[in-house]
Amino acid sequence: MGSSVQTLEFQAETRQLLRLVIHSIYSNKDIFLRELISNASDALDKRRLESLTDSSPTGSDAADLHIVLEVDQDARTLTVRDNGIGMTRDDLVELLGTIAKSGTAALLEKLQESKDAATAENLIGQFGVGFYSAFMVADKVTVRTRRAGTDSGTRWESDGEGTYDIQAVDDLPVGTSVTLHLKPVDSEDGLADYLSESKIRQIVKRYSDFIRWPIRMAANGPDAEGESPSALDTLNSMKALWARPRSEVTEDEYTEFYQQISHDWLAPAETIHMRAEGTFEYEALLFLPAQAPFDLFSRETKRGVQLYVKRVFIMDDCEALMPNYLRFVKGVVDAHDLSLNVSREILQQDRQIRGVRRRLVKKVLGALKDMQSKDAERYAKVWEQFGRALKEGLLEDTDNLEALLALISAASTHDPEKTTTLREYVARMKPGQDAIYYLTGESRAMVENSPHMEAFTAKGYEVLILTDPIDEVWTDQVPTFDGHRLQSIAKGQVDLDESADGEQPADADKAQREQDFAALLPWLTTTLSDHVKQVRLSARLTTSAACIVGDAHDVTPTLEKMYRAMGQQIPPVKRILELNPAHPLISALRTAHAAGADDPAPAEIAELIYGSALLAEGGDLPDPARFTRLLTDRLARTL
């Protein structure tokens, strides 16, 4: 028998907020079941804890804690039932009669000021509504509950319009049942058929598959006499691998889980399983794929890991937890202290989430470092797939700059097959060498055959061969590694002019060369002034007649093209033409220029030398037709 029904009113502000929740906040109404199952799971956690810490009995069914979903097609009701801790009458009034104990007025004002549902949902995410999402899909909600350790229960019922009924009832089992009297199906309003077994299974699988307690449902609803069948199907797997100690999880289980969340058919290259305790508790299970997805460098690529809160799925692709350059990392982060209604915008601003992100990044970079030192062959395959993306971190993540530089694996003139790290390069540097030399280009063959390489090859200096487009950018942004500056051999002055015994040549020889070419160099600078800002003698050439270099801080031609392709117009950069004073062509040009200033041939030869140097580095001729005409004319005169 129950006592008389008492009708109470929601707070005025709460009524307005409730109407917003029901009619305009959520675009995805499926989340109501996630919220109710999460509440039931919390109640089961509390009952289990109480059974362990309280000597008083909490009921014989405490050994089989579970959640049951019951469908009644005739009555159009869906019931979420648990045998958790339950609630008293005071609990119901406090928890369901008011949505918040403080801040309701301020929140309501912000909600009313917001112009769109997305903004309102973000605000609700800060506030948390949980149970009240049930009114999105139900005309009426009935709650029956009995607190463990008490003799009587309570019934709570409301249509969400402004009042709720509450009364004491007898003969209730320990726990809580929430019965939703469902609204009619309305696809235009996002109201699905929540009596459909397949729909319920779909929602549970997506949002609540890893809840630690079994979620059960009869396969075909009640039997002919209205009694629930004894055989119930368990809908969730309860296999949250991240919540188990690593020693208890097999590699096959890790691989199966990775393939499930990534839709990849390969095993992961690396598994990272971690747990953090303290002020903000979370577990993380991250995977480094073995192969890059086809859309790794697409603007539309989704990034981030899955976010759970106490095993309840919150969102895919949580960008706040992983930086863009680690967008290939797959996995799950399960936070214990977040609201279920947390939004992406709130996550971006949350101090604790930023702390989690920093720790996850360090863990991933640490795993890559360990792989690099312990399994070089496996690391080489991972770098081949994701090295370009990792280099983006050199521009985005200054906090981990040194760690990222240590991970770089680059081709080098030291070995035609194997790559090298910067640290290995530094260990092989020649005595007195203070710079890490590199050259960028479209391919290894183009870089190796570049005129810029000649003196470095002849003198035995190792040069890094960088062929990714992003190499043009990060090498300008990163000043040093391990105290050694990074220097492009196509920029600035390079002086490797040593004799065979390692001694510097006499200053008199240099002075003589400069005197010999004192008249030619200014004339060439004037003649080619439309294309170069200076012509000078080179110390980096041994066999080629000329090469083009930039000043130390000039934008490279490749980077200039990249900026223009992105719509950023920058002024054209004039570069420097360097000549090999020992080359027969340059000596002949000097002689021809000295012999007759009115002869047009030296000017034409100068254009051909500049064009040839431009082609040698893979550049574009300013006037290909003129270059071809000059070249064919000169060739014809030699026959």
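Is Y258 buried or exposed, and what is its relative accessible area?

Modeller: This is a predicted model, and the answer below rests on values computed from it. Y258 is buried, with a relative accessible area of 1%. The cut-off for calling a residue buried is under 20% relative accessible area, so the value of 1% places Y258 in that class.

In the model, 20 aromatic pairs are counted. One of them is formed by F257 and F287, with 6.3 Å from centre to centre and 45° between the planes, and it is tilted. F257 sits in helix α7, which covers residues 251-262, and F287 sits in strand β11, residues 282-288, so this pair ties together parts that are 30 residues apart in sequence. F257 is buried too, with a relative accessible area of 4%.

These residues belong to a wider group. Ring pairs link Y258, F257 and F287 with Y207, F210, W242, Y308 and F313 into a cluster. One member of the cluster, Y207, has a charged neighbour: R206 lies over the face of the Y207 ring, 5.4 Å from the ring centre.

For context, here are the spaces found in the model. Two cavities of 30 Å³ or more are counted. The largest cavity has a volume of about 40 Å³. Its lining consists of Y438, T440, E472, T475, D476, S488, K491 and T556. Two elements, β17 and α15 (471-477), each give two or more residues to this lining, and α15 supplies the largest share, three residues. By class, the lining of the largest cavity has one nonpolar, four polar and three charged residues.

The second largest cavity also has a volume of about 40 Å³. R76, V137, L182, K183, P184, L191, A192 and Y194 line the second largest cavity. Here the lining divides into six nonpolar, no polar and two charged residues.

Among the open spaces is the second largest pocket, which holds about 960 Å³. Its lining is made up of 40 residues, and P557, T558, R575, E617 and G619 lie nearest the centre. The elements that contribute two or more residues to this pocket lining are β17 (435-440), α13 (444-448), α18 (557-565) and α20 (601-616). The largest share, six residues, comes from α18. The pocket lining contains 15 nonpolar, twelve polar and 13 charged residues.

How values were computed. Residues numbered from 1 in each chain as written. Predicted model: local features only at pLDDT ≥ 70, side-chain atom pairs only at ≥ 80, totals over all residues. Heavy atoms only, no water. 1 Å grid on protein atoms, 1.4 Å probe; cavity = no way out; pocket = protein on both sides within 12 Å on 5 of 7 lines; lining within 4 Å. Points joined across faces, edges and corners; volume = space filled by probe spheres on them. Helix = DSSP H or I, 4+ residues; strand = E, 2+ residues; numbered from the N terminus. Nonpolar A, V, L, I, M, F, W, Y, C, P; charged D, E, K, R; others polar. Phe/Tyr/Trp six-rings, centres within 6.5 Å; stacked < 30°, edge-to-face > 60°. Buried < 20%, exposed > 50% of the residue type's maximum accessible area, 1.4 Å probe, protein only. Lys NZ or Arg CZ within 6 Å of the ring centre and 35° of its normal.
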